[in-house]
Amino acid sequence: MNSLAILGGPPVRTKPFPTWPVFDAREEESLLEVLRSGHWWRYTLGEATGPPQGGAASAPSKVSELQRNFAAAHGCRHGIACVNGTAALEVALRALGLGPGDEVIVPPYTFVATATAPMLIGATPVFCDIDPTTFNLDPGRIEEAITPRTRAIVPVHFAGLAADMEAISGIAARQGIPVVEDAAHAHGGSWNGRPLGSIGTAATFSFQASKNMTAGEGGLVTTSDPALAEVCESLVWVGRKTGRPWYEHHRLGWNYRLTEFQAAILLAQLERLPAQTALRQANAGYLSARLREIPGISPLAVPSYATGHAWHIFVFRFLESDFGVSRGTFLRALEAEGIPASSGYAHPLYRNPLFENPDLPMDYRRFVDLCPESESACAEAVWLEHRLLLGNERDMDDIANAIAKIQAHRASLRE
Ligand SMILES: Cc1ncc(COP(=O)(O)O)c(C=O)c1O
(Lines give C-alpha, C1' and ligand atoms only; values in the text may rest on other atoms or scores of the structure.)
Protein backbone atom coordinates (compact mmCIF):
# COMPACT_ATOMS: atom_id res chain seq x y z
CA MET A 1 0.00 0.00 0.00
CA ASN A 2 1.17 3.53 -0.79
CA SER A 3 2.52 5.73 1.96
CA LEU A 4 0.26 8.18 3.77
CA ALA A 5 -0.72 11.38 1.97
CA ILE A 6 0.15 13.42 5.06
CA LEU A 7 3.73 12.16 4.62
CA GLY A 8 3.84 12.94 0.89
CA GLY A 9 2.24 9.81 -0.58
CA PRO A 10 -0.68 9.84 -3.05
CA PRO A 11 -4.08 10.46 -1.40
CA VAL A 12 -6.80 7.80 -1.59
CA ARG A 13 -9.17 10.40 -2.99
CA THR A 14 -8.74 13.56 -5.04
CA LYS A 15 -12.37 13.91 -6.23
CA PRO A 16 -14.68 16.09 -4.13
CA PHE A 17 -17.65 14.48 -2.35
CA PRO A 18 -21.22 15.59 -3.20
CA THR A 19 -21.85 19.16 -2.05
CA TRP A 20 -24.71 20.43 0.11
CA PRO A 21 -27.29 21.94 -0.31
CA VAL A 22 -28.79 20.13 -3.28
CA PHE A 23 -31.24 22.03 -5.48
CA ASP A 24 -32.59 22.04 -9.02
CA ALA A 25 -35.19 23.73 -11.21
CA ARG A 26 -37.89 22.99 -8.60
CA GLU A 27 -36.37 25.45 -6.10
CA GLU A 28 -35.60 27.95 -8.85
CA GLU A 29 -39.14 27.95 -10.28
CA SER A 30 -40.79 28.00 -6.89
CA LEU A 31 -38.64 30.94 -5.74
CA LEU A 32 -39.42 32.91 -8.91
CA GLU A 33 -43.10 32.17 -8.46
CA VAL A 34 -43.01 33.74 -4.99
CA LEU A 35 -40.90 36.67 -6.19
CA ARG A 36 -43.27 37.50 -9.03
CA SER A 37 -46.44 36.96 -7.01
CA GLY A 38 -45.57 39.72 -4.56
CA HIS A 39 -46.66 37.36 -1.73
CA TRP A 40 -43.37 37.32 0.14
CA TRP A 41 -44.83 36.46 3.53
CA ARG A 42 -47.72 34.39 4.87
CA TYR A 43 -50.08 37.20 5.51
CA THR A 44 -52.80 35.36 7.48
CA LEU A 45 -52.96 32.89 10.31
CA GLY A 46 -54.78 29.59 9.93
CA GLU A 47 -55.66 28.21 6.53
CA ALA A 48 -56.91 31.46 4.95
CA THR A 49 -55.26 32.69 1.75
CA GLY A 50 -56.51 36.27 1.67
CA PRO A 51 -54.63 39.16 0.11
CA PRO A 52 -51.88 40.98 1.98
CA GLN A 53 -52.66 44.47 3.18
CA GLY A 54 -52.45 46.64 0.07
CA GLY A 55 -50.72 43.87 -1.86
CA ALA A 56 -51.24 41.74 -4.94
CA ALA A 57 -54.19 39.42 -5.58
CA SER A 58 -54.84 36.41 -3.36
CA ALA A 59 -52.56 33.36 -3.77
CA PRO A 60 -52.08 30.14 -1.80
CA SER A 61 -49.39 30.47 0.81
CA LYS A 62 -46.24 28.35 0.46
CA VAL A 63 -45.78 28.44 4.24
CA SER A 64 -49.29 26.97 4.72
CA GLU A 65 -48.52 24.29 2.13
CA LEU A 66 -45.20 23.47 3.81
CA GLN A 67 -46.88 23.22 7.21
CA ARG A 68 -49.48 20.80 5.84
CA ASN A 69 -47.09 18.69 3.77
CA PHE A 70 -44.30 18.50 6.35
CA ALA A 71 -46.72 17.57 9.14
CA ALA A 72 -48.37 14.91 6.96
CA ALA A 73 -44.98 13.46 5.93
CA HIS A 74 -44.09 13.23 9.63
CA GLY A 75 -47.34 11.62 10.77
CA CYS A 76 -48.72 14.75 12.47
CA ARG A 77 -51.93 16.76 12.13
CA HIS A 78 -50.31 20.19 12.54
CA GLY A 79 -47.12 21.96 11.54
CA ILE A 80 -46.14 25.45 12.65
CA ALA A 81 -43.29 26.98 10.67
CA CYS A 82 -40.93 29.46 12.28
CA VAL A 83 -37.54 31.13 11.89
CA ASN A 84 -35.25 28.36 13.17
CA GLY A 85 -35.01 25.22 15.26
CA THR A 86 -34.14 27.12 18.44
CA ALA A 87 -37.27 29.26 18.07
CA ALA A 88 -39.30 26.10 17.41
CA LEU A 89 -38.15 24.68 20.78
CA GLU A 90 -38.90 27.96 22.59
CA VAL A 91 -42.37 28.08 21.03
CA ALA A 92 -43.21 24.43 21.80
CA LEU A 93 -42.04 24.67 25.41
CA ARG A 94 -43.79 28.01 26.04
CA ALA A 95 -46.98 26.70 24.40
CA LEU A 96 -46.86 23.79 26.86
CA GLY A 97 -46.89 26.33 29.67
CA LEU A 98 -43.23 26.15 30.71
CA GLY A 99 -41.53 29.20 32.16
CA PRO A 100 -39.48 30.44 35.12
CA GLY A 101 -38.88 27.90 37.88
CA ASP A 102 -39.57 24.90 35.63
CA GLU A 103 -36.93 22.29 34.86
CA VAL A 104 -36.42 20.52 31.53
CA ILE A 105 -34.37 17.34 31.16
CA VAL A 106 -31.99 17.47 28.19
CA PRO A 107 -28.89 15.55 27.07
CA PRO A 108 -25.52 17.37 27.23
CA TYR A 109 -24.27 15.83 23.97
CA THR A 110 -26.20 18.07 21.54
CA PHE A 111 -26.20 21.54 20.03
CA VAL A 112 -26.45 24.33 22.60
CA ALA A 113 -30.02 25.27 21.54
CA THR A 114 -31.49 22.17 23.19
CA ALA A 115 -30.48 23.70 26.53
CA THR A 116 -30.68 27.42 25.74
CA ALA A 117 -34.24 27.30 24.32
CA PRO A 118 -35.60 26.41 27.81
CA MET A 119 -33.36 29.13 29.30
CA LEU A 120 -34.65 31.71 26.82
CA ILE A 121 -38.16 31.21 28.22
CA GLY A 122 -36.90 31.35 31.81
CA ALA A 123 -36.79 27.58 32.47
CA THR A 124 -33.77 25.60 33.69
CA PRO A 125 -32.11 22.80 31.70
CA VAL A 126 -31.09 19.77 33.77
CA PHE A 127 -28.59 17.51 32.05
CA CYS A 128 -28.97 13.74 31.93
CA ASP A 129 -26.21 11.54 30.54
CA ILE A 130 -26.33 9.65 27.23
CA ASP A 131 -26.21 5.98 26.31
CA PRO A 132 -22.61 5.19 25.27
CA THR A 133 -23.72 3.01 22.35
CA THR A 134 -26.15 5.48 20.70
CA PHE A 135 -25.16 8.93 22.11
CA ASN A 136 -28.88 9.51 22.85
CA LEU A 137 -30.47 10.28 26.23
CA ASP A 138 -30.04 7.25 28.53
CA PRO A 139 -33.51 6.46 29.92
CA GLY A 140 -31.85 4.61 32.81
CA ARG A 141 -30.45 7.92 34.06
CA ILE A 142 -33.57 10.11 33.64
CA GLU A 143 -35.34 9.33 36.91
CA GLU A 144 -32.41 10.53 39.03
CA ALA A 145 -32.60 13.90 37.22
CA ILE A 146 -36.30 14.38 37.98
CA THR A 147 -37.30 16.80 40.77
CA PRO A 148 -40.69 18.23 41.79
CA ARG A 149 -39.96 21.06 39.33
CA THR A 150 -39.44 18.86 36.25
CA ARG A 151 -41.96 19.87 33.58
CA ALA A 152 -40.70 18.29 30.34
CA ILE A 153 -38.20 15.87 28.80
CA VAL A 154 -36.49 16.88 25.55
CA PRO A 155 -34.74 13.90 23.95
CA VAL A 156 -32.62 14.65 20.88
CA HIS A 157 -32.67 12.15 18.01
CA PHE A 158 -28.95 12.75 17.74
CA ALA A 159 -27.47 12.42 14.24
CA GLY A 160 -30.89 11.27 13.02
CA LEU A 161 -31.03 8.14 15.21
CA ALA A 162 -34.28 7.69 17.16
CA ALA A 163 -33.98 8.08 20.92
CA ASP A 164 -35.38 5.26 23.07
CA MET A 165 -38.90 6.70 22.93
CA GLU A 166 -40.70 3.80 24.62
CA ALA A 167 -38.65 4.10 27.79
CA ILE A 168 -38.63 7.91 27.71
CA SER A 169 -42.38 8.17 27.05
CA GLY A 170 -43.04 5.70 29.89
CA ILE A 171 -41.10 7.82 32.38
CA ALA A 172 -42.80 11.01 31.16
CA ALA A 173 -46.25 9.40 31.42
CA ARG A 174 -45.57 8.27 35.00
CA GLN A 175 -44.51 11.83 35.86
CA GLY A 176 -47.44 13.36 33.94
CA ILE A 177 -45.11 15.57 31.90
CA PRO A 178 -44.77 16.03 28.13
CA VAL A 179 -41.98 14.84 25.84
CA VAL A 180 -40.83 17.33 23.20
CA GLU A 181 -38.67 15.60 20.58
CA ASP A 182 -35.73 17.70 19.39
CA ALA A 183 -35.81 16.36 15.84
CA ALA A 184 -33.43 18.96 14.39
CA HIS A 185 -31.35 16.08 12.93
CA ALA A 186 -34.18 13.71 12.17
CA HIS A 187 -36.22 14.74 9.11
CA GLY A 188 -37.74 11.63 7.57
CA GLY A 189 -36.51 9.29 10.32
CA SER A 190 -38.64 6.75 12.18
CA TRP A 191 -39.01 4.83 15.44
CA ASN A 192 -40.77 1.44 15.39
CA GLY A 193 -42.17 2.43 11.99
CA ARG A 194 -43.59 5.74 13.25
CA PRO A 195 -42.19 9.02 11.92
CA LEU A 196 -39.87 10.87 14.28
CA GLY A 197 -41.65 14.05 15.25
CA SER A 198 -44.96 12.25 15.83
CA ILE A 199 -44.18 10.42 19.08
CA GLY A 200 -43.93 13.15 21.72
CA THR A 201 -46.59 15.74 22.57
CA ALA A 202 -44.71 18.02 20.15
CA ALA A 203 -41.47 17.95 18.18
CA THR A 204 -39.19 20.55 16.67
CA PHE A 205 -37.19 20.58 13.45
CA SER A 206 -34.45 22.84 12.06
CA PHE A 207 -33.88 23.84 8.44
CA GLN A 208 -30.54 25.53 9.13
CA ALA A 209 -27.91 25.23 6.38
CA SER A 210 -26.33 21.97 7.54
CA LYS A 211 -29.62 20.09 8.04
CA ASN A 212 -31.04 17.31 5.82
CA MET A 213 -33.65 19.79 4.55
CA THR A 214 -32.65 23.42 4.38
CA ALA A 215 -33.56 26.92 3.30
CA GLY A 216 -30.43 28.37 4.89
CA GLU A 217 -32.47 28.91 8.07
CA GLY A 218 -35.90 27.84 9.25
CA GLY A 219 -37.71 25.72 11.81
CA LEU A 220 -41.01 23.94 12.41
CA VAL A 221 -43.02 22.52 15.30
CA THR A 222 -45.10 19.38 14.74
CA THR A 223 -47.94 18.20 16.94
CA SER A 224 -51.27 16.41 16.61
CA ASP A 225 -52.86 18.44 19.41
CA PRO A 226 -55.01 21.17 17.80
CA ALA A 227 -55.13 23.36 20.92
CA LEU A 228 -51.34 23.24 21.27
CA ALA A 229 -50.92 24.00 17.55
CA GLU A 230 -53.11 27.06 17.89
CA VAL A 231 -51.04 28.41 20.79
CA CYS A 232 -47.79 27.69 18.91
CA GLU A 233 -49.03 29.60 15.88
CA SER A 234 -50.17 32.49 18.03
CA LEU A 235 -46.72 32.64 19.68
CA VAL A 236 -45.04 32.75 16.24
CA TRP A 237 -47.46 35.53 15.22
CA VAL A 238 -46.85 38.07 18.03
CA GLY A 239 -49.75 36.70 20.07
CA ARG A 240 -52.42 37.08 17.37
CA LYS A 241 -55.40 34.71 17.18
CA THR A 242 -56.99 33.20 14.06
CA GLY A 243 -60.16 35.09 13.13
CA ARG A 244 -59.52 37.97 15.54
CA PRO A 245 -58.66 41.58 14.58
CA TRP A 246 -55.14 42.16 13.27
CA TYR A 247 -54.01 44.49 16.05
CA GLU A 248 -55.45 42.36 18.85
CA HIS A 249 -52.68 40.46 20.70
CA HIS A 250 -53.66 37.75 23.14
CA ARG A 251 -50.37 36.59 24.58
CA LEU A 252 -46.74 37.63 24.71
CA GLY A 253 -45.51 36.30 21.37
CA TRP A 254 -42.62 36.70 19.00
CA ASN A 255 -42.43 37.52 15.31
CA TYR A 256 -40.89 34.16 14.44
CA ARG A 257 -42.50 33.82 10.99
CA LEU A 258 -40.87 31.98 8.09
CA THR A 259 -40.95 33.77 4.71
CA GLU A 260 -42.66 32.48 1.58
CA PHE A 261 -39.21 32.29 -0.09
CA GLN A 262 -37.96 29.84 2.52
CA ALA A 263 -41.13 27.77 2.28
CA ALA A 264 -40.78 27.68 -1.52
CA ILE A 265 -37.32 26.13 -1.15
CA LEU A 266 -38.40 23.77 1.63
CA LEU A 267 -41.34 22.36 -0.35
CA ALA A 268 -38.89 21.24 -3.03
CA GLN A 269 -36.47 19.92 -0.38
CA LEU A 270 -39.31 17.93 1.22
CA GLU A 271 -40.09 16.26 -2.12
CA ARG A 272 -36.47 15.16 -2.42
CA LEU A 273 -36.14 13.97 1.19
CA PRO A 274 -37.38 10.33 0.89
CA ALA A 275 -34.98 9.44 -1.95
CA GLN A 276 -32.06 11.18 -0.22
CA THR A 277 -32.85 9.45 3.08
CA ALA A 278 -32.96 6.04 1.37
CA LEU A 279 -29.60 6.74 -0.30
CA ARG A 280 -28.01 7.83 2.99
CA GLN A 281 -29.36 4.68 4.67
CA ALA A 282 -27.97 2.36 2.00
CA ASN A 283 -24.56 4.04 1.99
CA ALA A 284 -24.38 4.28 5.78
CA GLY A 285 -25.20 0.56 6.13
CA TYR A 286 -22.45 -0.36 3.69
CA LEU A 287 -19.92 2.01 5.29
CA SER A 288 -20.71 0.77 8.83
CA ALA A 289 -20.05 -2.82 7.79
CA ARG A 290 -16.70 -1.89 6.25
CA LEU A 291 -15.61 0.27 9.19
CA ARG A 292 -16.42 -2.42 11.75
CA GLU A 293 -13.56 -4.46 10.27
CA ILE A 294 -10.98 -1.80 11.19
CA PRO A 295 -9.43 -1.95 14.69
CA GLY A 296 -10.26 1.11 16.78
CA ILE A 297 -13.23 2.22 14.64
CA SER A 298 -16.61 1.64 16.23
CA PRO A 299 -19.73 3.00 14.46
CA LEU A 300 -22.62 3.78 16.83
CA ALA A 301 -25.27 1.13 17.42
CA VAL A 302 -28.59 1.29 15.55
CA PRO A 303 -31.12 -0.36 17.90
CA SER A 304 -34.00 -2.31 16.31
CA TYR A 305 -36.51 0.41 17.34
CA ALA A 306 -34.62 2.90 15.13
CA THR A 307 -36.38 1.64 12.01
CA GLY A 308 -35.46 4.67 9.89
CA HIS A 309 -32.16 6.40 10.67
CA ALA A 310 -32.09 9.88 9.11
CA TRP A 311 -28.25 9.85 9.05
CA HIS A 312 -27.78 13.58 9.55
CA ILE A 313 -24.28 12.69 10.75
CA PHE A 314 -22.35 9.43 10.38
CA VAL A 315 -20.72 8.97 13.79
CA PHE A 316 -18.11 6.52 14.97
CA ARG A 317 -16.04 6.22 18.10
CA PHE A 318 -12.32 6.47 17.52
CA LEU A 319 -10.56 4.31 20.13
CA GLU A 320 -7.03 5.67 20.24
CA SER A 321 -5.47 2.72 22.08
CA ASP A 322 -6.92 0.18 19.60
CA PHE A 323 -6.17 2.24 16.50
CA GLY A 324 -2.67 3.24 17.55
CA VAL A 325 -2.62 7.05 17.07
CA SER A 326 -4.41 10.01 18.64
CA ARG A 327 -7.74 11.25 17.24
CA GLY A 328 -6.16 14.58 16.24
CA THR A 329 -3.41 12.87 14.26
CA PHE A 330 -5.94 10.52 12.67
CA LEU A 331 -8.19 13.40 11.56
CA ARG A 332 -5.27 15.27 10.02
CA ALA A 333 -4.13 12.14 8.16
CA LEU A 334 -7.69 11.47 6.99
CA GLU A 335 -8.08 15.01 5.65
CA ALA A 336 -4.83 14.58 3.71
CA GLU A 337 -6.26 11.38 2.15
CA GLY A 338 -9.13 13.50 0.80
CA ILE A 339 -11.78 12.59 3.40
CA PRO A 340 -13.29 15.51 5.36
CA ALA A 341 -14.22 14.64 8.96
CA SER A 342 -14.41 16.35 12.35
CA SER A 343 -14.39 15.58 16.06
CA GLY A 344 -17.85 17.07 16.65
CA TYR A 345 -18.79 18.77 19.92
CA ALA A 346 -15.62 19.88 21.73
CA HIS A 347 -17.22 19.38 25.16
CA PRO A 348 -20.60 18.54 26.74
CA LEU A 349 -22.90 21.58 26.90
CA TYR A 350 -22.48 22.19 30.65
CA ARG A 351 -18.80 23.04 30.08
CA ASN A 352 -19.72 26.10 27.98
CA PRO A 353 -18.80 29.40 29.64
CA LEU A 354 -22.48 30.38 29.64
CA PHE A 355 -23.12 27.77 32.35
CA GLU A 356 -20.46 29.29 34.64
CA ASN A 357 -22.73 32.28 35.34
CA PRO A 358 -23.21 32.32 39.15
CA ASP A 359 -26.68 33.86 38.71
CA LEU A 360 -28.04 30.65 37.19
CA PRO A 361 -30.37 28.69 39.49
CA MET A 362 -28.10 25.64 39.41
CA ASP A 363 -24.39 24.88 39.78
CA TYR A 364 -23.63 23.21 36.45
CA ARG A 365 -20.16 22.00 37.51
CA ARG A 366 -21.74 18.93 39.10
CA PHE A 367 -22.62 17.50 35.67
CA VAL A 368 -18.94 16.81 34.93
CA ASP A 369 -19.18 13.88 37.38
CA LEU A 370 -22.78 12.99 36.51
CA CYS A 371 -22.24 12.65 32.75
CA PRO A 372 -19.14 10.48 32.10
CA GLU A 373 -20.56 9.10 28.84
CA SER A 374 -21.03 12.58 27.38
CA GLU A 375 -17.44 13.39 28.36
CA SER A 376 -16.21 10.22 26.65
CA ALA A 377 -18.35 10.86 23.52
CA CYS A 378 -16.74 14.28 23.12
CA ALA A 379 -13.29 12.75 23.53
CA GLU A 380 -13.81 9.87 21.07
CA ALA A 381 -16.35 10.84 18.40
CA VAL A 382 -15.60 11.31 14.72
CA TRP A 383 -18.31 12.83 12.52
CA LEU A 384 -18.80 12.59 8.78
CA GLU A 385 -21.28 15.02 7.21
CA HIS A 386 -24.44 13.60 5.62
CA ARG A 387 -23.47 14.94 2.18
CA LEU A 388 -20.76 12.26 2.03
CA LEU A 389 -23.56 9.66 2.20
CA LEU A 390 -25.16 11.10 -0.96
CA GLY A 391 -22.49 9.48 -3.12
CA ASN A 392 -22.22 5.83 -4.18
CA GLU A 393 -20.58 2.66 -2.84
CA ARG A 394 -17.26 3.62 -4.45
CA ASP A 395 -17.30 6.81 -2.39
CA MET A 396 -17.92 4.76 0.77
CA ASP A 397 -15.02 2.49 -0.24
CA ASP A 398 -12.77 5.57 -0.46
CA ILE A 399 -13.69 6.51 3.13
CA ALA A 400 -13.12 2.99 4.45
CA ASN A 401 -9.93 2.50 2.40
CA ALA A 402 -8.46 5.77 3.61
CA ILE A 403 -9.11 4.82 7.25
CA ALA A 404 -7.72 1.30 6.72
CA LYS A 405 -4.63 2.81 5.04
CA ILE A 406 -3.96 5.09 8.01
CA GLN A 407 -4.41 2.13 10.36
CA ALA A 408 -1.97 0.01 8.37
CA HIS A 409 0.64 2.83 8.32
CA ARG A 410 0.03 4.11 11.86
CA ALA A 411 3.60 3.37 12.90
CA SER A 412 4.86 5.98 10.42
CA LEU A 413 2.84 8.71 12.17
CA ARG A 414 5.12 10.15 14.81
CA GLU A 415 3.06 12.30 17.19
C1 LIG B 1 -29.92 19.10 18.06
C2 LIG B 1 -30.24 20.51 17.64
N3 LIG B 1 -31.26 21.14 18.23
C4 LIG B 1 -31.61 22.41 17.88
C5 LIG B 1 -30.94 23.09 16.92
C6 LIG B 1 -31.29 24.52 16.62
O7 LIG B 1 -31.63 24.74 15.31
P8 LIG B 1 -31.33 26.17 14.63
O9 LIG B 1 -29.87 26.26 14.34
O10 LIG B 1 -32.17 26.11 13.39
O11 LIG B 1 -31.79 27.22 15.57
C12 LIG B 1 -29.87 22.46 16.26
C13 LIG B 1 -29.16 23.17 15.17
O14 LIG B 1 -28.10 23.24 14.85
C15 LIG B 1 -29.50 21.15 16.64
O16 LIG B 1 -28.47 20.52 16.06
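Ala, Val, Leu, Ile, Met, Phe, Trp, Tyr, Cys and Pro are counted here as nonpolar, Asp, Glu, Lys and Arg as charged, and the others, Gly among them, as polar. On this basis, the shell around the ligand in this predicted model is made up of nine polar residues, four nonpolar residues and one charged residue. Among the 14 residues around the ligand, those that come nearest are Gly85, Thr86, Phe111, Ala184 and Ser206. At least two residues of this shell are supplied by helix H3 (85-95), and at least two by helix H4 (113-120).

The chain as a whole is divided into two parts, domain 1 (25-270) and domain 2 (273-412), whose C-alpha centres lie 26 Å apart. To the contact between them, domain 1 gives 33 residues and domain 2 gives 33 residues. On the side of domain 1 that touches domain 2, two or more residues come from each of strand S3 (124-127), strand S6 (190-191) and helix H7, and the residues of that side comprise 15 nonpolar, 14 polar and four charged.

In soluble globular proteins, nonpolar side chains tend to be buried together. In the present model, the largest nonpolar core contains 118 residues, of which Cys82, Val91, Ala92, Leu93 and Cys232 touch the most other members. Helix H7 (residues 260-291) gives the most to this core, contributing eight residues, and at least three residues of the core are drawn from each of domain 1 and domain 2. For Val91, when neighbours within four places in sequence are left aside, the residues in contact are Ile80, Cys82, Val221, Cys232, Leu235, Val236 and Tyr256.

How values were computed: Residues numbered from 1 in each chain as written. Predicted model: local features only at pLDDT ≥ 70, side-chain atom pairs only at ≥ 80, totals over all residues. Near = placed C-beta within 6 Å. Helix = DSSP H or I, 4+ residues; strand = E, 2+ residues; numbered from the N terminus. Core = buried A, V, L, I, M, F, W, Y, C linked by C-beta atoms within 7 Å. Buried ≥ 20, exposed ≤ 12 C-beta atoms within 10 Å, placed from the backbone. Domains from an automatic or database assignment. Contact = placed C-beta atoms within 7 Å.
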